[in-house]
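Please look through the structure below, with its sequence beside it. The paragraphs that follow take up its charged pairs and then its nonpolar core.

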Amino acid sequence: MAYPFQLGLQDAASPVMEELLQFHDHALMIIFLISSLVLYIITLMLTTKLTHTSTMNAQEVETIWTILPAAILIMIALPSLRILYMMDEINNPSLTVKTMGHQWYWSYEYTDYEDLNFDSYMIPTPDLKPGELRLLEVDNRMVLPLQMTIRMLVSSEDVLHSWAIPSLGLKTDAIPGRLNQTTLTSTRPGLFYGQCSEVCGSNHSFMPIVLELVPLESFEKWSASML
């Protein structure tokens with residue numbers, strides 16, 4: 001999760017988030033180079049006493065400043081489209097979990113099991129144990145197996161919500177009457193925190209998401225204890 005005064009994005013815990021981090025750095029470097037060039041040209045225009053009247057109607061300059069921005073946009077668009085297709089691709093999921101947003105909590109249903117479902121409420125501040133995070137801990141964590149393709153079905157019972165876990169590169173809107181789909185695959189175990197990313201009402205900031213990714217053996221023991 002993020003730490004205080006963090007400037008960058010959270011550490012990636014999934015292949016999709018790793019690609020998003022690389023694309024972020026790629027686009028940021030292009031923006032930095034463009035900004036530096038523009039600042040350098042403005043500085044020259046303000047400080048030099050020379051006036052190049054021959055460049056006022058130069059076709060070569062107009063050609064360059066038309067082709068160069070187009071090439072830069074292509075350099076940004078191609079990786080972006082690649083990541084968009086990666087985020088929408090689902091290949092033979094090993095497990096399906098249905099997530100429903102409520103005012104103001106989440107409910108989870110493991111559709112591959114007969115009676116494995118539960119609600120997940122935020123733990124009130126007075127009930128927190130030492131070391132637990134305020135406004136982020138829940139009474140029932142969603143537990144999933146590590147390094148497996150998992151299909152998430154996201155919807156809502158009442159108003160718009162958004163199921164988001166930044167370190168996994170996940171953000172899917174929960175819309176009443178509509179079932180959205182996303183894929184989840186993690187490369188390392190641990191606890192991953194998220195929150196509703198849609199302004200859903202007065203308690204919008206009080207419906208956190210806690211995802212616990214564990215090895216398959218631990219997940220099987222947990223699912224057996226929940227049934």
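The count of salt bridges comes to four, where a salt bridge is a side-chain nitrogen of Lys or Arg within 4 Å of a carboxyl oxygen of Asp or Glu. Side chains of opposite charge can pair when their charged atoms come close. This is a predicted model, in which local features need pLDDT of at least 70 and side-chain atom pairs count only at pLDDT 80 or more, while totals for chains, interfaces and linings use all residues. Residues are numbered from 1 along each chain as its sequence is written, and side-chain values use heavy atoms, with hydrogens and water left out.

Start with Glu19 and Arg82, which form a salt bridge whose closest N and O atoms are 2.9 Å apart. This pair links distant parts of the chain, since Glu19 lies in helix H1 (residues 15-47) and Arg82 in helix H2 (residues 59-88), 63 residues apart. Helices (H or I, at least four residues) and strands (E, at least two) are DSSP runs, numbered from the N terminus. Glu19 counts as buried, at 18% relative accessibility, whereas Arg82 is partly exposed at 46%. Here buried means under 20% relative accessible area, exposed means over 50%, and partly exposed is in between (1.4 Å probe, protein chains only).

Next come Glu137 and Arg141, whose side chains meet in a salt bridge at 3.7 Å, N to O. Glu137 is buried, with a relative accessible area of 3%, and Arg141 is partly exposed at 30%. Another salt bridge joins Asp173 to Lys171, with the closest N and O atoms 3.9 Å apart. Asp173 is partly exposed at 29%, while Lys171 is exposed at 52%. Salt bridges that share partners join Glu137, Arg141 and Glu212 into one network.

Now turn to the nonpolar side chains. In soluble globular proteins, nonpolar side chains tend to be buried together. A nonpolar core is a set of buried Ala, Val, Leu, Ile, Met, Phe, Trp, Tyr and Cys residues joined through side-chain atoms within 4.5 Å. The largest such core here has 31 residues, and those with the most contacts inside it include Val97, Tyr110, Trp163 and Leu184. Among the elements that give two or more residues to this core are strand S1 (95-102), strand S6 (161-165) and helix H3 (216-226). Strand S10 gives the most, with four residues.

Which residues does Leu184 touch, leaving aside its neighbours within four places in sequence? Leu184 is in contact (heavy atoms within 4.5 Å) with residues including Leu144, Ile150, Trp163, Leu170 and Leu211.
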